[in-house]
Structures are given as structure tokens and as C-alpha cells.
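Work through the following exercises with the sequence and the model side by side, and try each task before reading its solution.

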Amino acid sequence: MPGLLLGDVFPDFEAESTTGNIKLHEFLGDSWGILFSHPRDYTPVCTTELGRAARLSSEFSKRGVKMIALSVDCLQDHHGWTKDILAYNCEDPASSSLPFPIIADCKRELAVALGMLDPDEKDKDGMPLTARCVFIIGPDKRLKLSLLYPATTGRNFDEILRAVDSLQLTAGKRVATPADWKPGECVMVPPSMSEEEAAALFPAGVYTKELPSGKKYLRYTPKP
């Protein structure tokens, strides 16, 4: 359904992939999930992206995140291209495999349903290709974050990993993470929380930055 909003239940679907038939919700189970699309197999930017995603897969796994890729190419192309991705990562394609499945959406049914198509990027037949979408899905199957990049701009998977760290922290703690935050750094106390409640919730202390406005809304506390 085009126009997925944060907090919406992510649509369940069934599709063919490089690891067999997949039912999304069943595949995710109680895990977090990342569904990311790419415009085309055997293309340079996509190869670097999936290579980087593969190198970071152990970090995503540590965080209980399952990854799944998608493009509008067929399974045969996916399997052939996988060998190039592994070679890009300096791995032996004969003895290695990608740590996540790639969905084959050759009829563009999922790309249309999930609003993934890029009208400015077309194949040799004039058909639109998928944009570089990222959907992060929580254990409750609800959409927690979405990103949309054009075909010409590769994604930063380290930033996606950082976003997962923030989403998982703030899902369980009443805090927010500031710009460029990294795990282990101080987090922010939400403006809606009273000073008394903040003092009770954060025994490590709350630091308030003085501002010209005199308003005390920039409040930090060590990661709880």
C-alpha cells in the first residue's frame, strides 16, 4: 500500500527469494527486520551496497535484526549476481553465500504495493526500477523507520545500524537520541517529562544546558 506511515502494521506478503519461498511476518518472527530494495542486479552501486550489508550482517544479527533485500530481477539473476557481490567482498563464491535472502519481484507487484518504484529510473524497456528504499520493522510488525534514496546515491549502512541502535534503545527507555548519537553516549530527556520524574528515572543525573531563551529543554543523561 503506497504511503506507509510510521506505526503502520507492515503488510505481510509471500514471495520467492534466493533462500526459498518467504512469508514476511513468518520470516521475521519476533525479530526486528530490515527490508531494503535496490534498482537492479549487476549494477555498480547496488553491488557495493549489498557487499557492505553483508559485511555488517553480524552486527545486525547481534541486535536481533533479520535482513532481506529486494529487486525487480529474477531469481536466476540474483543467484548469478550474488557471486559478484561475494567476489567484491573478497570472498570465495564457491564456498560462501550472502547472509540474507534477495526477493525476486520480477512482476513488480511488491514494488508497486510498497511504493518502491522510482519514476525517473527505467530499464531498457522503459519500465520503472525500484528506488533504494529501507524499511525497519519492529517485533510488533509495525514500521519504525523508512528511508528513500534515488538510484544515484548509495546508502550508508553504518547509519542504518546506528538508527537501529537508537530505535531499540528508545523502544524500551523514555529517552531520545540527539544528532550523530552513537551507542554509549549521553541521551536526551524528552521535554514532556517533569524534572521530578527525570530525577527519579535517571539516578545517574540529568544535565541541563543553559540557553539564551532561558528554557530548560536541552536535558542530557548518561545512557540508561
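A crossing of two helices is left-handed if the near helix is turned anticlockwise from the far one by less than a right angle, and right-handed if clockwise. This is a predicted model, in which local features need pLDDT of at least 70 and side-chain atom pairs count only at pLDDT 80 or more, while totals for chains, interfaces and linings use all residues. Residues are numbered from 1 along each chain as its sequence is written, and side-chain values use heavy atoms, with hydrogens and water left out.

**Exercise 1.** Describe how helix 2 and helix 4 pack.

*Solution.* Begin by finding the two elements, helix 2 at residues 44-55 and helix 4 at residues 75-88; helices here are DSSP runs (H or I, at least four residues), and strands likewise (E, at least two), numbered from the N terminus. Their axes lie 9 Å apart and form an angle of about 65 degrees, which makes helix 2 roughly perpendicular to helix 4 (a word that covers angles of 65 to 115 degrees). Next, the crossing of helix 2 past helix 4 is right-handed. Finally, Cys46, Thr47, Thr48, Leu50, Gly51 and Arg55 of helix 2 make the contact with Trp81, Ile85 and Tyr88 of helix 4, where contact means heavy atoms within 4.5 Å. Sorted by type, these residues comprise five nonpolar, three polar and one charged.

**Exercise 2.** Which residues have the most contacts inside the largest nonpolar core, and which element gives the largest share of this core?

*Solution.* A nonpolar core is a set of buried Ala, Val, Leu, Ile, Met, Phe, Trp, Tyr and Cys residues joined through side-chain atoms within 4.5 Å, and buried means under 20% relative accessible area, as against exposed at over 50% and partly exposed in between (1.4 Å probe, protein chains only). The largest core has 27 residues, and those with the most contacts inside it are Ile34, Phe36, Leu50, Phe60, Phe100 and Ile136. Among the elements that give two or more residues to this core are strand 3 (32-37), strand 8 (132-137) and helix 6 (157-172), and helix 6 supplies the largest share, six residues. Phenylalanine 60, leaving aside its neighbours within four places in sequence, is in contact with Ile34, Val65, Met67, Phe157, Ile160, Leu161 and Val164.

**Exercise 3.** Is glutamine 76 buried or exposed?

*Solution.* First locate glutamine 76, which is found in helix 4. Then consider its relative accessible area, which is 68%, so glutamine 76 is exposed.

Definitions and conventions:
Axes are lines fitted to C-alpha atoms, for helices over the stretch in contact, and angles run from 0 to 180 degrees between N-to-C directions. Angles under 35 degrees count as roughly parallel, over 145 as roughly antiparallel, 65 to 115 as roughly perpendicular and the rest as oblique. Ala, Val, Leu, Ile, Met, Phe, Trp, Tyr, Cys and Pro count as nonpolar, Asp, Glu, Lys and Arg as charged, and the others, Gly among them, as polar.
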